[in-house]
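Please look over the sequence and the 3D structure below.

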Amino acid sequence: MKVDASNPLWRFRGITSTAMFFFAYLYLPIVVLIALSFNENRLATIWTGFTMDWYVTALSNDDMLRAAQNSIVVAVSATVLATIAATLAAMGMSRGRFKGEAGVSAMLVLPLLVPEIVTAIATLLFFVALGIKLGLLTVIIAHTVFCIPFAYLPIRARLEGMDPALVEAANDLYANEWKAFRRVTLPLLWPGILSGAMLSFIISLDDFVISYFVGGAGSTTLPIYIFGMIRIGITPEVNAVSAMMLIVSIVFVSISFMIDRIRY
Amino acid sequence: MGNILRTKRFWLVAPAVVYIGFFMAVPLLQMAYVSVLERGDYGGVNWGAFSMDAYISFIFERDLMDNLVVNTDYLQIFVRSFGLSAMTTVFALLLGFPTAFYISTQPQSRRNFLIFLVTIPFWTNILVRNYAWMLLLRNGGLIDGALNWMGLETGGLDVLYTPYAVSIGLTYTYLPFMVLPIYASLEKLDHRLVEAAFDLGADKRRAMSRVILPLAAPGIAAGCILVFIPCLGAYVTPELLGGGKFMMIANLIGSQFGAARNWPLGAGLGFVLLALVLISMMVYSFKFKSLPEESR
Amino acid sequence: MKLRSALLGASAIAFLSAGSAQAAGDLFFYNWSNYFPPELMEKFEEETGIKVTLDVYDSNETMLAKLQAGASGYDIAVASDYMVDVMIKEGLATKFDAKSLENFGNVAKPHDTMKYDPEREYSVTYLWGTTGFTYDAAAVDGELENSWKEFFEPREEFRGKIGALNDEVEMFNAASYYAGVEKCTEDPAEAQKVLDVLMKQKPYIAVYSSEGTIDRMSAREVQMHMQWNGAAHRTKESIPEAVFVYPKEGLTYWADHFVIPDGAPNLENAKTFINWMMKPENAAEASNYAGYMNSIKGTGEFMDPSLNADPAVNMPEEYADLLIPSQNCSVKARDLRNRVWTKLKN
């Protein structure tokens, strides 16, 4: 679609260098974090030698691995649910103005506006009042709630200013609405959906407060586990787990790229 | 036709709204009730015993003679948090907009790769990331050492445990939340438009302000919301990188559910924050409502 | 390996199985992370056939808030003294009469009783420790006085090189000992004295943080740090010159206890676990792992010699009088404390 020669970047000289700076800034701590996972010394501040021991320790720490597994299960489930709900909502909201629109908008970003700890206690009280057994399921429900605005806003931003005629034309073109969605709307929305899903995923993966309060026996997630370590002090074991999460993420990304290749 | 459209729209919006309504709004109503109750002796609340203490103590405190006097402690914490969030938002925008623009000008396959590259660091834990920053920023740490080695510096860097360190860390944490929404809206920019603007004699500034920025505006707005508001609730980064010397809203509210065991005050402070954010968003939308309209 | 399987199994199946494992032979254990040796857990599982699932929290207060809101399903929780008091009064602890357990005879004095649970109907001590401060003797000529003065009104050498715990309760308590004020004071004038001590100290503080105290000392980023004694012990591994001070004004002595939360699904297993932990070899292993003393007689031969040799952990008898038990303060006292803390951080 876009011809390289028309790439306007060369006009705005600062852009490329800022982006390079951005990625350096982003990855600087990550390099440190990974390097430390190989530090023989238990203390981060002293480098005594190279070792793989922390990976061995981490891989034999069943509690921590279970926590990591819980984290991924929760993040994937919440991301999928939130992204679907947010995509539908963004499509609904983009079709012109309507009465009560401001209220609905506010509702969609409400989870963003309330401090986490208040949401956490409120949701816990609510689940207990309903008699729902606390566990991973309740954590997923709560995560989905606060992931919705993170998925919704980028998708909404994507749709803003987009020509509604495109979608309507598609509806005329394909008798089947699902097909119209699949062939036209979805590809149009894709950058927004991808952005929203990624943000949901990382916000869910890092959440401590809400996971802690709405979880039950057996639903400890990785952040909870790591925060709980302060009694004894955090060890490079955590760096090792983080580095392994990065590997998982890279595997994840590679797989999705491969699927992409096959599809197109 | 209009009716069908309305029904369809209703069903599209309903899942998200109903879900949030049931699992968020209803629990919050219960929490609003908690905020006007008497606190329990050992934490929790005395159900059924009403008290407005939580809201009164936001502004007033009882002095030695048991008189109400104005207390600005909480207010100051709110002001500090709003200031820090605003600063973080500006930094994230300054760094995030050019990056999003850069990504949107790359070829398709590269774009998706770069988008992943933006989020991959956040698969690690927030605590470990902050620890890495502490190692980088401390005196005698990696940045300090590198600067010294290059002969650029005498004495310490003296950044860690200052507000500068906090803004470096917060900006870092919230960058993806700025970059991705802007990218999502900029991606639809047809660069031939920009080229056309140049051909018609526009200079860089005009091309930016007339063609690129209007397109990016919804993304910028979404990004600012996604950075500014969550940043108000940040507590880990300010504590670790700021050396725990100054409290943020989240620390204050958290301590009410923690050591102070004062649930009503914690809930009350939460609702004050909610009200402030809602008001500022309303002001914002009244002021800027017409902008996206014009840009179409 | 497991991570990859987690990725593949990132589906509904995983969470269904996680929630429904409540058959006989389970124990849901609620504790800080890395505060219980994993090997010991395995040994327990092997010897008794009970499967242990660990869930964690980051402070007594978050644990309490969660139980108060009605969360249940835990068989054993670990709580500090004042929290045991709250749990008993709030009806969150199960009465199980520890003295009736077979191995209770192994419990050393004075741990056979506790201020908030004198008859030991609800709790048994797991580990205990003290909160003092550590300094790097290499940073100063001569010795420091055994006093909080050195921490709150530091000498020139330590100014700007001091770490404090980022803990409302610990900091308020220490400052109250130094100010000569009751730590659960309900008198605003006395609270003001505590605030004065803390405010005067603030410019000299490099950082308030409860995390990474050992790292900061070892890197010589700070040369004095308020610490729990177990952390002080591990600081000495990298800085042999480090000294743990028992201030003459007194220092907080705290203990963490096993409690059975109300509504524990596996009460008998919980009792089995507590009884098992009162065996000297098991208690000693917990100490060796965590660096804190246990409450069981006859652990000497199983203990790491370095722990026994360290005055920070194995407290010399002469300091016994300095220990002040932690206390569960009234609502009014907690309000004052929180206001002092808020003002300090403003």
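In which helix of chain A is confidence lowest, and in which is confidence highest?

## Confidence in chain A

Confidence in chain A is lowest in helix H7 (residues 164–173), with a mean of 70, and highest in helix H6 (residues 136–159), at 94. The score used is pLDDT, the predictor's confidence in each residue, from 0 to 100. Helices (H or I, at least four residues) and strands (E, at least two) are DSSP runs, numbered from the N terminus.

The average pLDDT of chain A is 85, and 90% of the residues score at least 70. Where pLDDT is low, the predicted coordinates should not be read in detail.

## How the model is read

This is a predicted model, in which local features need pLDDT of at least 70 and side-chain atom pairs count only at pLDDT 80 or more, while totals for chains, interfaces and linings use all residues. Residues are numbered from 1 along each chain as its sequence is written, and chains are lettered from A and ligands numbered from 1 in the order in which they are written.

## A loop of chain C

The loop between helix H5 (81–89) and strand S4 (123–136) of chain C holds C:Pro110. A cis peptide bond, with omega near 0°, joins C:Lys109 to C:Pro110.

C:Asp97 also lies in the loop between H5 and S4 of chain C. C:Asp97 is not a glycine, yet its phi is positive, near 60°. Is C:Asp97 buried or exposed? C:Asp97 is exposed because 12 other C-beta atoms lie within 10 Å. The cut-offs, with C-beta atoms placed from the backbone, are 20 or more other C-beta atoms within 10 Å for buried, 12 or fewer for exposed, and partly exposed in between.

## A loop of chain B

B:Arg261 sits in the loop between helix H11 (249–257) and helix H12 (263–288) of chain B. Phi of this non-glycine residue, B:Arg261, is positive, near 45°. B:Arg261 counts as buried because it has 26 C-beta neighbours inside 10 Å.
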